[in-house]
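Thanks for coming. Please have the sequence and the model open while I talk.

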Amino acid sequence: MDFNSGSELHNNQFYPCEESKPLLGEMSAPTAPEGNNNAKLGAGGPPCRRSLLLPCSSGMRYKLLQEGDIQVCVVKHPRTFLSKILTTKFLRRWEPHHLTLTDCSLVSATPTGYMEAALSYSSIEDLQLLSWDNAPKYCVQLSVPGGTVLLQAANSYLRDQWFHSLQWKKKIYKYRKVLNNPSRWEVVLKEIRALVDMALTSPLQDESIHQAPLHIISTLLAENTNLSAQDHESIIVAIAPLLENNHPPPDLCEFFCKHCRERPRSMVVIEVFTPVVQRILKHNMDFGKCPRLRLFTQEYILALNELNAGMEVVKKFIHSMHGPTGQCPHPRVLPNLVAVCLAAIYSCYEEFINSRDNSPSLKEIRNGCQQQSERKPPMPLRLLRPEPPTPPPPTTLSPPPLALSPPPSIVNSSEIMVELERNNNTANVLRKTPAGGDSEPNLIDCLLVSPALNALSIQLPAQADRVLACFALILKMLSDYDDWRPALASLLQPIPFPKEALAHAKFTKELKYVIQRFAEDPRQEVHSCLLSVRSGKDGWFQLYSPGGVACDDDGELFASMVHILMGSCYKTKKFLLSLAENKLGPCMLLALRGNQTMVEILCLMLEYNIIENKDTQLQIISTLESTQVGLRMYEQLCDRQRELKELQRKGGPTRLTLPSKSTDADLARLLSSGSFGNLENLSLAFTNVTSACAEQLIKLPSLKQLNLWSTQFGDAGLRLLSEHLACLQVLNLCETPVTDAGLLALSSMKSLCSLNMNSTKLTADTYEDLKAKLPNLKEVDVRYTEAW
């Protein structure tokens, strides 16, 4: 019986041999005729029926072997005598070897005996399974020139695993060799389809099963750059099935990017690339490890933007990534889309960013001391200071010092023009600059010479302008989804854009919509991201406030941000103090124009004694009295102040207990009925009060003990108490809905000596933090909490 026969009888049944796609010039083996089940083995040996099998792979899956232990036997005889040799004692001599399946050969860890030399895949003429009726041996037969190599496994599963792994290595080796030397492209395309079919039908389950064909094809494309557009599309369509569950390798991403740039209207972009990009956005974990995937996604979106429908197609794509429901089921989509947008926006200004070393730095612009002689050799892209539009006639006055007004330098660029406008306030900025200040100024200082100066005006080339408009609009679309907005606000809070983008009026105008969406969102996790990510660093609140580089209105967005932040900011005094120090002028101007939010801000500054200067207080009062809404609110403030003085007047009870079922309105009515300046102990236990009653509690200057047991008093109330009741010593929060967010604010109440947090949502970490920050805390009840 010949080992090359394509089928064999086993237990009187016909089994087909391995079925696979042919390589170049490779034909399938002939099939043995049926009815040959009575054939005998060579004379001289006992009857032993053997057969060549293909393991039943319906449902069976195997991991691709790279190495393993197996028994090896080599029969160096012509195949015509093999049936006789199989029955002799020589077959029983097996050698144990640890074999490694490299890319080109089968190598033993101990190169002795049968495996003294590596067995190249190219020398394997045939690969078959072998079994005996009367011997439980599980073998793989490798037909080589001049003999046969038999590999014996411990069981049928391992045998099949070795068989499929060797078969895969042999086929991939041949495909790699054939496709590395292409002759005719129509034949190459046929082989690519065969390679893809082999990878899809293989019973091996391993990442390399699909990645190896992709790498072979990407290498082929990298070495043959003169293909026609039709060849490009044919290859892309051929490998499309492999891309359904696999990321394309880097070289293939470059090929896809080139196709998107050269043929953005090709149907391949929509039909083939769309599921690939969708998979990338859903499953990619880090674009830093595979930046070409990000670049491919970016080029794909730009290709969509080039279609007739333009941004409507991009909008439909973004909607398809989010899904029809209110919650996107794929958590990686938003971070990946934001990463693509940030990289694309950065690329619009990349040439200017790369030329920073050869143009006046932003810090030098601020200091006004850059001299032409100190610059490095000019680059194609530099700063431009235009001449005044209508210069006055020359006078005999001497020019100002060089340090205060450097000579203008005019350099044109064919791609980007940057204009820097200065005015005579440069000298004032220089006076405010600390002596020897080598530290990098903050973001706004980098972008402005002084608050009165105009921002940098940047003109981008047409292509960069289209890219900027496309991805800025995607950021707008992302901000329209309620479930994406918290994560988007968190990702954009550090202001991950280059200074050049923030100096570009068109970009900040486009991004204003996103900031407005953050300012309108009632969720604190969203609008709190308008503030800086850390102390000493500017945030969106500073950039879009009057005097900020991105402010292009009369303060409407600034007022909207202040309104939402005041409604949830638990450090109200600190926030008001920062406004008084940095934005008092804009607040007064907006209040003078009748903005109700700014009127409320000025009233709160007066109520909380934020402003100490008497002249400034009188100016604020005059501003409030200049409008009807301001006058009305100031009169209400005066009434509250009179009531507060009456409330805080010495006298009244020292202890007070509100009846059960009392509400916030009942507490407010009670406290407005007399003097409570001596009240030290207040019990609101088992009442219906909420966090709203904190507005009344902070008016009690002598309060030392507060019982809120089994009320609806929450985190917002705790935050307000922590700012105003610094003398509070005993606080009972048992069975209240407070969480870590509010309990952490208690760390500023250094006088607390007794704290009951029984049956709250306190965690162990917050409890440890409170113990460390409250030195006087002696009595603590944390039963029925996580910290218990």
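Predicted model: local features only at pLDDT ≥ 70, side-chain atom pairs only at ≥ 80, totals over all residues.

Residues are numbered from 1 along each chain as its sequence is written, and side-chain values use heavy atoms, with hydrogens and water left out.

Cores to begin with. A nonpolar core is a set of buried Ala, Val, Leu, Ile, Met, Phe, Trp, Tyr and Cys residues joined through side-chain atoms within 4.5 Å. Buried means under 20% relative accessible area, exposed is over 50%, and partly exposed is in between, with a 1.4 Å probe and protein chains only. The largest nonpolar core has 179 residues, and Phe471, Phe497 and Trp540 touch the most other members. Its top contributor is helix α10 (residues 333–348), with ten residues. Helices here are DSSP runs of H or I, at least four residues, numbered from the N terminus. Apart from this core lies another, of 29 residues, including Val72 and Trp162.

Which residues does tryptophan 540 touch, not counting those up to four places away in sequence? Among them are Leu492, Phe497, Cys529 and Met561. Contact means heavy atoms within 4.5 Å.

Now glutamate 299, which sits in helix α8 (residues 291–305). Is glutamate 299 buried or exposed? Its relative accessible area is 12%, so glutamate 299 counts as buried. Beyond its neighbours within four places in sequence, glutamate 299 contacts Cys257, Cys260 and Arg261.

Next, salt bridges. Side chains of opposite charge can pair when their charged atoms come close. A salt bridge needs a side-chain nitrogen of Lys or Arg within 4 Å of a carboxyl oxygen of Asp or Glu. The structure holds 23 of them.

One joins lysine 315 and glutamate 312 at 3.8 Å, N to O. Both residues lie in helix α9 (residues 311–322), three residues apart, about one turn of the helix.

Another joins arginine 640 and glutamate 607 at 3.3 Å.

Aspartate 781 is buried at 15%, whereas arginine 783 is partly exposed at 40%.

Finally, Asp482, Arg485, Asp521 and Arg523 are linked in a network of salt bridges.

Terms used:
Helix = DSSP H or I, 4+ residues; strand = E, 2+ residues; numbered from the N terminus.
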